[in-house]
Amino acid sequence: MGQTTSYAAQVIISIIPIVGIVMGSVVIFFYLLWNHKRRTLLIKAGQYRRPEFDLLSFSLLAGLLLSAVGLALTIFLAIALRVNFGLLGGIIPLAVGIGLLTYYGIRRNNRPS
């Protein structure tokens, strides 16, 4: 009952991810190219406005997400591995999330009105 796969099937199976990566790269390239051309035309027309980035909202969102992921990983790894070096996989994002939340709290309180 030995199953053998044909050489053609192996080639097709190995080509599928390559084609996917190439097509994804082409789509990203054209998106970046057309976005650059659009910005250039807006700048020449004098209608370009820089997008504003709200650092406080980003810090709050990233801090909450990282804290939640870090806490979940810490609890899971503490239960599953009985406190081992694998626990670092949860403590690191937890610490980064707490740091970002601390930054948000300090920055929010010192923001000029």
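Rings of Phe, Tyr and Trp (its six-membered ring) count as a pair if their centres lie within 6.5 Å. Keep that cut-off in mind for the views below, which come from a predicted model.

**View 1. A cluster of Phe29, Phe30 and Trp34, held together by ring pairs.** Searching the whole structure turns up three aromatic pairs. In the pair of Phe29 and Phe30, the ring centres sit 5.3 Å apart with the planes at 75°, so this one is edge-to-face; the label goes to planes over 60 degrees apart. Phe29 is partly exposed, at a relative accessible area of 49%. Phe30 is partly exposed too, with 34%.

**View 2. The tilted pair of Phe53 and Phe58.** Here the centres of the two rings are 5.6 Å apart and the planes make an angle of 50°, so the pair gets called tilted. Phe53 is exposed, its relative accessible area being 59%, while Phe58 comes out as partly exposed at 43%. The line between those two labels is drawn at 50%, so Phe53 lands over it.

View 3. Is Ile18 buried or exposed? Exposed: the relative accessible area is 52%.

Notes. Residues numbered from 1 in each chain as written. Predicted model: local features only at pLDDT ≥ 70, side-chain atom pairs only at ≥ 80, totals over all residues. Heavy atoms only, no water. Buried < 20%, exposed > 50% of the residue type's maximum accessible area, 1.4 Å probe, protein only. Phe/Tyr/Trp six-rings, centres within 6.5 Å; stacked < 30°, edge-to-face > 60°.
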